[in-house]
Amino acid sequence: MDDDGSSIQVRREQRDLRAANLKPTRLDEDDLRKLDGSIKKNTSFIKKLKTSLTADQLPSLSKELLSLKLEKYVSEVAAAILEAKMGKPADARAAAQICSLLHQRFALFSPALVPSLIKGLGPPPNYAGSTPEQKEKDEAVRIPRQRGFLRLFTELYLVGIVLDGPPSKESVMVTIVKDLFSSDKEFLNVSLAVSFVKGYADVFLGYAKVEKDSTTSSGDFPALATQMNDDLVSPSVQSAVKGIFADYFSLVAKYLVRMHKHIRKLEASNYEHAIARGEISEDRQERLQKGLKVYEKLLANTRVLAEYLGQSMPDLPEDETKNTSSMGIMYGGREKVEKDNIIGGVWEDDDARLFYEDLVDLKLFVPQVLLGERRDQETVFGKEEPNEEAAGSPDAEVGEPAPAKDEEDAPTIDEADEEPGTDNTVSGKAAVESILARLPNALSKDTIDQLSV
């Protein structure tokens, strides 16, 4: 438990309850005749157990229980307790106190409750053949239910309602722990292990924060806690449970390392994908996000187990792609990658990026006919439609392109055809020589753009 003071008090209460449960005083006929046997009140109490079995309601529930007969409703009461949520450890302790009152009054109560409780604590299910969505949905129901069952079962074991068999047989507590964790090959029950060690590491695993702290209220506090834990759980059971959890932690640590490497590979793959295509597909984003969610939860749970079991966290290696986690990918739809934030991107700097991205619009400098524009598009700009006679002639198909407003002096194809004897060769040679002469000074983007045009 997190609070050592409350821990010693809780263990003391459990020891007292255990003594009372091991030697219960049952109700006789005279006692039963004095109690209220009305159907309305008895059934109302059963409904309250289903919906309101919490630590806050414990005083009122205990008082009402002691006034009711309940002799004919023992099985219904047991079923109602199994349906209670018990979301907090304190709620499970409250349920154990209610169960203790019922156990001390009715001999048939424990046989009606314990077998059903053990049945609900079986090994994790096999999801072979199930879809990930169905598996996630089933686990969302199973884990909270089994967490409550495990808390209640452990509380009943500590207070003496659940008892071990002969010394020759394995402890029922050890059997339950082994079923839940030794057979967990897919690590579905890691959160259950965390819940168990947080609530019962002091009594089953020998963990106590007080041993690490220098401030205690009494010099014999650790010895008192150890003796009280031994009264609740035998040393042999403590040793067996601690061994099971140590082996389970070793497997979880190895799984964490594999998961860590898997996430790093996903990040590196998405990084390369972003560089190559400029964006990341929704499937890749979703796969990485789900993987990160599972990994972060596993990492947090492993740290808790390491603390309570006195183990060291595994080394999580970083590879050469460790910097890809800061690549600046936006995981919100199919958005473009923010290239300026990509470490080791394709551009050396902003100038290099602008050189390739900020392109000149050739339509502003080159006649449309040279860019493949059809000459019959002149009609868009208000030119007159050619008459039918002109349209029927071969020359009319070519037409005469309108000169660009910014390039009125530029020679047209027709002008060049009409003057075959002009100095086209000489002028072309002069233009080439002019370009070559300007090349040594072409050091800026604008100058290069002008030469290319």
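Which helix does Ile 435 lie in? Ile 435 sits in helix 17, residues 424-438 (helices are DSSP runs of H or I, at least four residues, numbered from the N terminus).

A quick word on the model: it is predicted, so local features need pLDDT of at least 70 and side-chain atom pairs count only at pLDDT 80 or more, while totals for chains, interfaces and linings use all residues. Residues are numbered from 1 along each chain as its sequence is written, and side-chain values use heavy atoms, with hydrogens and water left out.

Buried means under 20% relative accessible area, exposed over 50%, and partly exposed in between (1.4 Å probe, protein chains only).

| Residue | Relative accessible area | State |
|---|---|---|
| Gln 14 | 3% | buried |
| Ala 96 | 1% | buried |
| Ile 435 | 35% | partly exposed |

Leaving aside neighbours within four places in sequence, Gln 14 is in contact with residues including Arg 93, Glu 155 and Leu 232 (contact means heavy atoms within 4.5 Å).

Ala 96 belongs to helix 6, residues 89-105. Not counting residues up to four places away in sequence, Ala 96 touches Leu 152, Glu 155 and Leu 156. The C-alpha atoms of Ala 96 and Glu 155 are separated by 6.0 Å, though the two are 59 residues apart along the chain.

Methods. Helices (H or I, at least four residues) and strands (E, at least two) are DSSP runs, numbered from the N terminus.
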